[in-house]
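Student: I'd like a close look at just one part of this one. Pick a spot, walk me through it, and spell out your cut-offs as you go.

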Amino acid sequence: KVYMDYNATTPLEPEVIQAMTEAMWEAWGNPSSPYSAGRKAKDIINAARESLAKMIGGKPQDIIFTSGGTESNNLVIHSVVKHFHANQTSKGPTGGHHSPVKGAEPHFITSSVEHDSVRLPLEHLVEEQVAAVTFVPVSKVSGQAEVDDILAAVRPTTRLVTIMLANNETGIVMPVPEISQRIKALNQERVAAGLPPILVHTDAAQALGKQRVDVEDLGVDFLTIVGHKFYGPRIGALYVRGLGEFTPLYPMLFGGGQERNFRPGTENTPMIAGLGKAAELVTQNCEAYEAHMRDVRDYLEERLEAEFGQKRIHLNSQFPGTQRLPNTCNFSIRGPRLQGHVVLAQCRVLMASVGAACHSDHGDQPSPVLLSYGIPFDVARNALRLSVGRSTTRAEVDLVVQDLKQAVAQLEDQA
């Protein structure tokens, strides 16, 4: 078997397992307790926070541990709604900004290809009539959410722009630094006009560990971190620029005061230890990881075109001049009976997916993300997403291409 679904999840690195195991043995104490096992746990948590901050070029005090990407994304959206209403009702000269329209709802801007953990909470807020949301379509030329389109959607009540750093199905990298720069310039005008500034969030789940991610370059206020996408455990974190000082965060949970009350609950020390170690490995090796994955992915695309012919293979994530993740290959093999899930079911070696793991029950319906990118219905329905990892080899690529070739031949013989 050859695993090529690293965008869905990654295995734990041996060093990560070791860090987690040591924490279970030696740091089993409550991190809030004064005795040695508790102090050891606290030290591990603080060291992990520093490792995460270093990985993204931020400050340790701006990192909050969460249960994963879904919680981090929901926490940002929840906080923006709470902050809007807190400022709307505030009184007096130190009460902050007032809402520009009495009784208005906070307005969010996002893209049409976001992960469900951003899209669904926003849709829920619209249903509940708690917020207004603009879903900006991605360009069929660049594959990106265009900066001008995002700026054109801004309203007086806009409070958050949330755009993923890289798409989980196509690997397309979004122009987040340019979005942040333009929003920052716009915020100066808004403040002068008595309007509150707009915050910027990016879900960096897919980009971390595959390319350099730096919060200063990105210019964002919030950034979502997901451990199991970069060979760490299934927890996450949230970066908040100037947490509580420059950027608001409102807890969704209330409890014992951990994580400075922003995310209470006794810390999961072994998982946090593993997340810190995974971040450390990314900081040390990211360039090597990126170069290796790009080499193997490019070889995969060359082999697919060589075996099936360029006319038969449609590379769904190639947009001229647009950067994409170095490990992601989304392609379709043209043919009437070659729907992605049917081809995968016929494969004996390849372990992969047709798209996002959370959409695996959609049957032969094409991915809404690919349709948003302008991929024709019949092509999108045949899509396969192959994502390579740190240890994927060219020899494994050869095995996979042969496996696909046999699967396609069998399906066409049955016709």
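Tutor: A salt bridge here means a side-chain nitrogen of Lys or Arg within 4 Å of a carboxyl oxygen of Asp or Glu. Keep in mind that this is a predicted model, where local features need pLDDT of at least 70 and side-chain atom pairs count only at pLDDT 80 or more, while totals for chains, interfaces and linings use all residues. Residues are numbered from 1 along each chain as its sequence is written, and side-chain values use heavy atoms, with hydrogens and water left out.

On domain 1's side of the contact, α8 (269-308), β10 (328-333) and α10 (368-372) each supply at least two residues. The largest share of that side is from α8, with four residues. Helices (H or I, at least four residues) and strands (E, at least two) are DSSP runs, numbered from the N terminus. Sorted by class, the side of domain 1 touching domain 2 holds 14 nonpolar, 13 polar and four charged residues. For that sorting, Ala, Val, Leu, Ile, Met, Phe, Trp, Tyr, Cys and Pro are nonpolar, Asp, Glu, Lys and Arg are charged, and the others, Gly among them, are polar.

Now the layout. Domain 1 is 2-8 + 286-414, and domain 2 is 60-88 + 101-264; those bounds come from an automatic or database domain assignment. Domain 1 puts 31 residues into the contact and domain 2 puts in 29, with contact meaning heavy atoms within 4.5 Å. Taken over C-alpha atoms, the domain centres are 29 Å apart.

As for area, about 2600 Å² is buried between domain 1 and domain 2, and carbon and sulfur atoms give 53% of that. In domain 1, L325, Y373 and R390 supply 25% of the area buried against domain 2, more than any other three residues. Buried area is the accessible area (1.4 Å probe) that two parts lose on being put together, summed over both.

The side chain of T9 makes a polar contact of 2.8 Å with the side chain of H228. Setting aside neighbours within four places in sequence, T9 is in contact with Y3, H228 and R234. T9 counts as buried because its relative accessible area is 17%; buried is under 20%, exposed is over 50%, and partly exposed is in between (1.4 Å probe, protein chains only).

So where are the salt bridges? By the rule above, the count comes to 22. One of them pairs R182 with D148, the closest N and O atoms being 3.1 Å apart. R182 sits in helix α6 (residues 176-192) and D148 in helix α5 (residues 147-152), 34 residues apart, linking distant parts of the chain. R182 is partly exposed at 37%, whereas D148 is exposed at 52%.

Terms used. A polar contact is a pair of N or O atoms within 3.5 Å; within protein, one must be able to donate a hydrogen and the other to accept it, and residues adjacent in sequence count only if both atoms are side-chain atoms.
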